[in-house]
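My entries follow in the order I made them.

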Amino acid sequence: MEETPPPLQAGSKPHLEKLTLGVTRILESSPGVTEVSIIEKLPAERHMISSWEQKNNCVMPEDVRNFYLMTNGFHMTWSVKLDEHIIPLGSMVINGISKLTQLIQSSVYSLPNAPTLADLEDDTQEGNEDHQLEKPHFDCRSAIFELDSCNGNGKVCLVYKNGKPGLAHDTEIWFLDRALYWHFLTDTFTAYYRLLITHLGLPQWQYAFTSYGISPQAKVASIYSQEESMNFQATSVRNQW
């Protein structure tokens, strides 16, 4: 079972600064930003990774494996202060190994004759401008694991494109929106992690990679933090862990 220690100040430990690629310094020095914190997690043990691979019949990609050997999940948050009110804004999450669970073909509603995820699957390439990319499938053609539930706004998933047994080099990162449309994000977990940090965990940032974009409410938050995001992109550490 994964323990959840209390949050700590993001800049209080050097290895946390490395984990966040330096974005904590940008946030902590930004006017109006407050309560930048990380829930520190212990590194995963190698037997936990092996157990996950055996249970799911999938080989974990090397960059995902290396991430979990550094920290068994990731959760960083930050808030803004408006007048006298503290408003939570950014949330960056990568599920721990125990929550890296498979999305399976099952009923969406617990009702008789309810549709399954496969029934709701659309063969169109909505939100995917590159038609050469084959979107994930809810049946045995793909193996899909949840990296982040996005606070109920969708799911970021590690996708094994050719089902099981899952090979490490056959993976991509996709976003499943609330309408059950798939949107390609990145080829690798490392590239996705950098996207996550670059976008500062702003609400619904993944919708920037869809054809319809983020909601007006989320755009307000994005405008507020645009300068901070640009500053981070200019100073981001590009070395892989």
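I started with the burial of T186. The model is a predicted one, and in it T186 has a relative accessibility of 7%. I count T186 as buried because 7% is under the 20% cut-off.

I then placed T186 in the fold: this residue belongs to strand 8, which covers residues 182-186.

Next I looked up the polar contacts of the T186 side chain. I found one of its polar atoms 2.8 Å from the backbone oxygen of T188. I also found the side chain of T186 at 3.5 Å from the backbone nitrogen of Y192.

I listed the contacts of T186, leaving out residues up to four places away in sequence. The list reads E172, I173, A191, Y192 and L195.

I moved on to L89, which sits in strand 4, residues 85-94. Is L89 buried or exposed? I read a relative accessible area of 17%, so L89 is buried. I also checked L89 against L202, 113 residues away along the chain, and got a C-alpha separation of 6.4 Å.

Last, I took the helix pair. Helix 3 (residues 46-56) packs against helix 4 (residues 62-70) at about 140°, and the axes are 10 Å apart. I therefore noted helix 3 as oblique to helix 4. The crossing of helix 3 past helix 4 is right-handed.

Which residues meet there? From helix 3 I noted R46, I49 and E53, and from helix 4 R65, Y68 and L69. I sorted this contact of helix 3 with helix 4 by class and got three nonpolar residues, three charged and no polar.

Methods
Residues are numbered from 1 along each chain as its sequence is written. This is a predicted model: local features need pLDDT of at least 70, side-chain atom pairs count only at pLDDT 80 or more; totals for chains, interfaces and linings use all residues. Side-chain values use heavy atoms; hydrogens and water are left out. Helices (H or I, at least four residues) and strands (E, at least two) are DSSP runs, numbered from the N terminus. Buried means under 20% relative accessible area, exposed over 50%, partly exposed in between (1.4 Å probe, protein chains only). Axes are lines fitted to C-alpha atoms, for helices over the stretch in contact, and angles run from 0 to 180 degrees between N-to-C directions. Angles under 35 degrees count as roughly parallel, over 145 as roughly antiparallel, 65 to 115 as roughly perpendicular and the rest as oblique. A crossing is left-handed if the near helix is turned anticlockwise from the far one by less than a right angle, and right-handed if clockwise. Contact means heavy atoms within 4.5 Å. Ala, Val, Leu, Ile, Met, Phe, Trp, Tyr, Cys and Pro count as nonpolar, Asp, Glu, Lys and Arg as charged, and the others, Gly among them, as polar. A polar contact is a pair of N or O atoms within 3.5 Å; within protein, one must be able to donate a hydrogen and the other to accept it, and residues adjacent in sequence count only if both atoms are side-chain atoms.
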